[in-house]
Amino acid sequence: HRAHASTEGIARFLPAYAGFLIEKEIEYLGKVLQKPEKPFALMLGGAKVSDKILIIEHLIEKLDALLIGGGMAYTFLKAQGKGIGGSKLEKDRIDYAKGLLDKIRKIGLNLALPVDNVVVDKIDGVSNIKIVGEEIPEGLIGVDIGPKTVDNFKSALKNSKTILWNGPLGIFEIEKFSRGTSEIANFIANLNATTIIGGGDTSSAISSLGLETKMSHVSTGGGASLEFLEGKTLPGIACLRDK
């Protein structure tokens, strides 16, 4: 996704070919962009709304379901007027989240947000966890989706034929906060669907659960995969003569 000498540059002077891994990335991610088998569900997590805005905007017209967990969910809950305590919040994205929620209502897209949350007073491996509803009291921090939300997510995903997942649904690096990510990962691994796992933390979570071989494709593209899903032209692909 960057015009480096070792990729885009050398292709101007020598015959240049993509490897089998890039071929697989383009095959799976390209199908998502062009003609995903439906019903098509996009599940997003991770810390920031801002990292996922362009993916949502580029894919929203193709989606049958949008599921949002992880730290980014709290900005959407705040946009709905819910209390989020000391949870992760992007204040400068609240208006965007409100606008997106309005658009989702207008087009009738199935949206799943957390209806209960795993919370702690301090993010560490020894704090006692507590489960609360949509409203998170002051002084508490959301760290994972709760059991009702896990059930809702499973219900939203069960009939999907294509699932694209980018971003963990909680702070999965700490075992006590990994249940949501783990349960959903194991659930979709056993569905009769094309399951595509976005790179970075999501790939690490799938790997730590030993589920890599049970998913259709686990992306190793990182930021490049995100940009590809945003519909951007990637220099390292555009330079190839035979596509």
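Is threonine 75 buried or exposed, and what is its relative accessible area?

Analyst: Happy to! Please keep in mind that this is a predicted model. Threonine 75 is buried: its relative accessible area is 1%, and the cut-off for calling a residue buried is under 20%. This threonine belongs to helix α4, which covers residues 73-79.

Setting aside the neighbours within four places in sequence, threonine 75 is in contact with Val49, Lys88, Leu89, Glu90, Arg93, Ile94 and Ala97. One of these, glutamate 90, also comes up in a polar pairing: a polar atom of the threonine 75 side chain lies 3.1 Å from the backbone nitrogen of glutamate 90.

Stepping back to the sheets, there is an open one made of six parallel strands, ordered β3-β2-β1-β7-β8-β9. Its edges are β3 (110-112) and β9 (217-218); each has a single partner strand, so one side of each is left without a neighbour in the sheet. The partner of β3 is β2 (residues 65-68), and the two pair in the parallel sense over three bridges. Within that pairing, alanine 65 stands opposite asparagine 110 of β3.

Two helices go with this sheet. Helix α6 (residues 147-157) packs on it, touching β1 (40-44), β2, β3 and β7 (162-166), and its direction makes about 155° with that of β2. Helix α7 (residues 179-189) lies across β1, β7 and β8 (194-197), and runs at about 155° to β7.

Another open sheet has three strands in the order β5-β4-β6, with antiparallel pairing. Here β5 (130-132) and β6 (141-145) stand at the edges with a single partner strand each, so one side of each lacks a neighbour in the sheet. On average, neighbouring strands of this sheet are turned by 45° against each other, direction ignored. Strand β4 (residues 117-120) is joined to β5 by three bridges, and valine 119 stands opposite lysine 130 in β5.

The structure holds one cavity of 30 Å³ or more, and the largest cavity has a volume of about 50 Å³. Its lining is made up of Tyr28, Lys31, Val32, Pro36, Glu37, Thr162, Thr194 and Ile196. Helix α2 (20-34) and strand β8 each supply at least two of the lining residues, with the largest share, three residues, coming from α2.

Conventions:
Residues numbered from 1 in each chain as written. Predicted model: local features only at pLDDT ≥ 70, side-chain atom pairs only at ≥ 80, totals over all residues. Heavy atoms only, no water. Pairing = 2+ DSSP bridges. Helix = DSSP H or I, 4+ residues; strand = E, 2+ residues; numbered from the N terminus. Contact = heavy atoms within 4.5 Å. Axes fitted to C-alpha atoms, helices over the stretch in contact; angles between N-to-C directions. Buried < 20%, exposed > 50% of the residue type's maximum accessible area, 1.4 Å probe, protein only. Polar contact = N/O pair within 3.5 Å; in protein donor to acceptor, adjacent residues only side chain to side chain. 1 Å grid on protein atoms, 1.4 Å probe; cavity = no way out; pocket = protein on both sides within 12 Å on 5 of 7 lines; lining within 4 Å. Points joined across faces, edges and corners; volume = space filled by probe spheres on them.
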